[in-house]
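The exercises below ask for a careful reading of one chain, and each is followed by a worked solution. Please keep the sequence and the coordinates at hand while going through the steps.

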Amino acid sequence: MVYRQFAALGDPTRLAIVERLARGPTSAGDLAAPTSLSLPAVLKHLRVLEEAGLVTTVKRGRVRECRLRDDALVAVATWTAQQQALWSTRLDALGTLLEDL
């Protein structure tokens, strides 16, 4: 799942949507308003974010309310911390090896 999340966050528009939703829920129309994107384009981006498990949307009448999932970035943060630990260990070992040479 973390790879889907990174792929979803790799797009600047989707990253901006996630950053906006981090401030609180809003409608899909409000997400589209400050951009040059059409509502259908924003809905496509939201679908990708939903499939990655980052966002939930609920349709209430004609309005689609969007919110960031509470646990949305836990997997990303966990994976990043694991990679940081792994590479810190490897680079420390490389540094030690180069000092010994």
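Helices (H or I, at least four residues) and strands (E, at least two) are DSSP runs, numbered from the N terminus. The model is predicted, with pLDDT of at least 70 needed for local features and 80 or more for side-chain atom pairs, while totals for chains, interfaces and linings use all residues. Residues are numbered from 1 along each chain as its sequence is written, and side-chain values use heavy atoms, with hydrogens and water left out.

**Exercise 1.** Describe the order of elements and the overall dimensions of the protein chain.

Solution. Begin with the inventory, which gives 5 helices and 3 strands for the protein chain; read from the N terminus, these elements follow the order α-α-β-α-α-β-β-α. Next, take the radius of gyration (over C-alpha atoms; the globule rule is 2.2 Å times the number of residues to the power 0.38): the protein chain has 19 Å, whereas a compact globule of 101 residues would have a value near 13 Å. Finally, along the principal axes, the C-alpha atoms fill a box of roughly 70 × 25 × 20 Å.

**Exercise 2.** Where does Asp70 lie, and is this residue buried or exposed?

Solution. First locate Asp70, which lies in the loop between strand E3 (63–68) and H5. Then apply the accessibility classes, in which buried means under 20% relative accessible area, exposed over 50%, and partly exposed in between (1.4 Å probe, protein chains only). Asp70 is exposed, because its relative accessible area is 83%.

**Exercise 3.** Characterise the aromatic pairing in the model.

Solution. Rings of Phe, Tyr and Trp (its six-membered ring) pair if their centres lie within 6.5 Å, and planes under 30 degrees apart count as stacked, over 60 as edge-to-face and the rest as tilted. The count by this rule is 1 aromatic pair. Phe6 and Trp79 form this pair, which is edge-to-face, with 5.1 Å centre to centre and 70 degrees between the planes. The pair links distant parts of the chain, since Phe6 belongs to helix H1 (residues 2–9) and Trp79 to helix H5 (residues 74–100), 73 residues apart. Both partners are then classified: Phe6 is partly exposed at 32% relative accessibility, and Trp79 is partly exposed at 29%.

**Exercise 4.** What surrounds Gln5?

Solution. Gln5 lies in helix H1 and is buried, with a relative accessible area of 4%. Apart from residues up to four places away in sequence, Gln5 touches Ala52, Gly53, Leu54, Ala72, Ala75 and Val76.

Key:
Contact means heavy atoms within 4.5 Å.
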